Amino acid sequence: MSDCLFCKIAEGEIPSKKVYEDEQIICFHDIEPQAPVHVLIVPKKHIRSLDDLTSEDADLMSHIMLKIKDIASELGLDNGYRTVINTGEDAFQTVKHLHFHILGKRKLTWPPG
Ligand code: AMP
Ligand code: ZN
């Protein structure tokens, strides 16, 4: 899609701090990290959100799900990580190209004090 930020990153038109790439997906560091490690896994195919998936995307989605643990392991997230997919306005999906956030190395101080 011509006017899509993540399509442009996937095509190399806009630079990114790349972590992993194959024929179907690209993974790069988030520009405004919300955790010490914060990367995005993006399918190269333009899919707007989870709402736009069809059965044709089943292989692609399973490819992503199976790659998450490999990428997490490469990033040293041996103690766990959070995986987030925002869908639509109420979830504050800002980039309208499906992406999976992976966040790691966070230290929660809870309970406070
Ligand atoms: P979401 O709110 O789920 O749509 O998340 C979009 C994410 O893309 C945010 O965490 C942004 O910080 C991130 N982002 C926006 N522009 C870029 C960029 N050029 N390179 C890397 N990450 C970006
Ligand atoms: Zn796109």
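**Figure 1. Zinc site (ligand 2).** Along the sequence, the residues that donate to the zinc ion (ligand 2) follow the spacing C-x2-C-x38-H-x50-H. The model is predicted, and local features need pLDDT of at least 70, side-chain atom pairs count only at pLDDT 80 or more, while totals for chains, interfaces and linings use all residues. Residues are numbered from 1 along each chain as its sequence is written, chains are lettered from A and ligands numbered from 1 in the order in which they are written, and side-chain values use heavy atoms, with hydrogens and water left out.

**Figure 2. Donor atoms and geometry at the zinc ion (ligand 2).** The protein donors are SG of C4, SG of C7, ND1 of H46 and ND1 of H97, at 2.0 to 2.3 Å from the zinc ion. Donors are N, O and S atoms within 2.8 Å of the metal (3.2 Å for Na, K and Ca); water is not among the atoms, so sites may look incomplete. The four donor atoms subtend angles of 105 to 117°, so the arrangement is tetrahedral (four donors with all angles between 85 and 135 degrees). For four tetrahedral donors the ideal angle is 109.5 degrees. C4 and H97 are both buried (under 20% relative accessible area, 1.4 Å probe, protein chains only).

**Figure 3. The open sheet of five strands.** The strand order is β1-β2-β3-β5-β4, with antiparallel pairing. Strands are DSSP runs of E with at least two residues, helices runs of H or I with at least four, both numbered from the N terminus; two strands pair if DSSP finds at least two bridges between them. β1 (18–21) and β4 (81–84) are at the edges with a single partner strand each, so one side of each has no neighbour in the sheet.

**Figure 4. The hairpin of β1 and β2.** Three residues connect β1 to β2 in this hairpin. Three bridges join β1 to the antiparallel strand β2 (residues 25–29). K18 stands opposite F28 in β2.

Figure 5. H63 counts as buried because its relative accessibility is 18%. Leaving aside neighbours within four places in sequence, H63 is in contact (heavy atoms within 4.5 Å) with D22, Q24 and I25.

Technical notes. Tetrahedral: all angles 85-135°; square planar, octahedral: opposite > 155°, others 65-115°. Buried < 20%, exposed > 50% of the residue type's maximum accessible area, 1.4 Å probe, protein only.
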